[in-house]
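Student: I have a sequence and a structure to go through. Could we take them step by step?

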Amino acid sequence: MRMRPQEATVIHAEMFNKDNLDHDDTEICCDGCELEYSLTDYKILKENKKLVYFLYDDFIVCHGCLFQEIMSSSPNGEGKLKVIDYGASYFLNFEEEGPSIEDEHG
Ligand SMILES: [Zn+2]
């Protein structure tokens, strides 16, 4: 039986409205490993493809924790996750060799 793909939304630093925040530069924190960066640092890390935070089931998780979560919840070592990035969406396939991206129409 194939599991229904779960969804995660890519978090962009630009999504946070700084006018509504108390601090000049708020921090974003992974609910899994408590990895924490300021939005300014996160923007740079994401642009350099070092780190991506996702919104997943009401949690904010870093990509490392998200991959672990998907792998641990898939009994045969394979999982599929729908990733939503602004308007676009694509599927990430999780296998033993690591995640790979599959086109929405693929
Ligand atoms: Zn984490």
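Student: Leaving aside neighbours within four places in sequence, which residues is Leu66 in contact with?

Tutor: This is a predicted model, in which local features need pLDDT of at least 70, side-chain atom pairs count only at pLDDT 80 or more, and totals for chains, interfaces and linings use all residues. Residues are numbered from 1 along each chain as its sequence is written. Two residues are in contact if their C-beta atoms, placed from the backbone, lie within 7 Å. With neighbours within four places set aside, the contacts of Leu66 are Ala8, Phe54, Tyr56 and Val61.

Student: Which residues of the largest nonpolar core touch the most other members?

Tutor: A nonpolar core is a set of buried Ala, Val, Leu, Ile, Met, Phe, Trp, Tyr and Cys residues joined through C-beta atoms within 7 Å. A residue is buried if 20 or more other C-beta atoms lie within 10 Å of its own, exposed if 12 or fewer, and partly exposed in between, with C-beta atoms placed from the backbone. The largest such core has 17 residues, and those touching the most other members are Ala8, Tyr53, Phe54, Val61, Cys62 and Leu66.

Student: Which elements each supply at least two residues of this core?

Tutor: Helices (H or I, at least four residues) and strands (E, at least two) are DSSP runs, numbered from the N terminus. The protein has two helices and eight strands. At least two core residues come from each of helix 1 (39-47), strand 4, strand 5, helix 2 and strand 6.

Student: Why are the buried residues of helix 2 on the same side?

Tutor: The buried residues of helix 2 (residues 63-72) are Cys65, Leu66, Glu69 and Ile70. The arc is that of the directions from the helix axis to the C-beta atoms. These residues lie on the same side of helix 2 because they cover an arc of only 135 degrees.

Student: What covers those buried residues of helix 2?

Tutor: Helix 2 has Cys65, Leu66, Glu69 and Ile70 as its buried residues. Their cover includes strand 1, strand 4 (53-56), strand 5 (59-62), strand 6 and strand 7.

Student: In strand 7, which residue is the bridge partner of Lys82?

Tutor: Two strands pair if DSSP finds at least two bridges between them. Strand 6 (residues 79-85) pairs with strand 1 (residues 6-10) in the parallel sense over four bridges, and there Lys82 is the bridge partner of Glu7. Strand 6 is also joined to strand 7 (residues 88-95) by seven bridges, and these two run antiparallel. In strand 7, the partner of Lys82 is Phe91.

Student: What is the phi of Tyr86 in the turn between strand 6 and strand 7?

Tutor: Most residues other than glycine have a negative phi, and most peptide bonds are trans. Strand 6 and strand 7 form a hairpin with two residues between them, and Tyr86 in the turn has a positive phi of about 50 degrees.

Student: Is Glu78 exposed, partly exposed or buried?

Tutor: Glu78 is placed in the loop between helix 2 and strand 6. Not counting residues up to four places away in sequence, Glu78 touches Phe94 and Glu95. Because 14 other C-beta atoms lie within 10 Å, Glu78 is partly exposed.

Student: Is Lys49 buried or exposed?

Tutor: Lys49 sits in the loop between helix 1 and strand 4. Although Lys49 is not a glycine, its phi is positive, about 60 degrees. With 8 other C-beta atoms within 10 Å, Lys49 is exposed.
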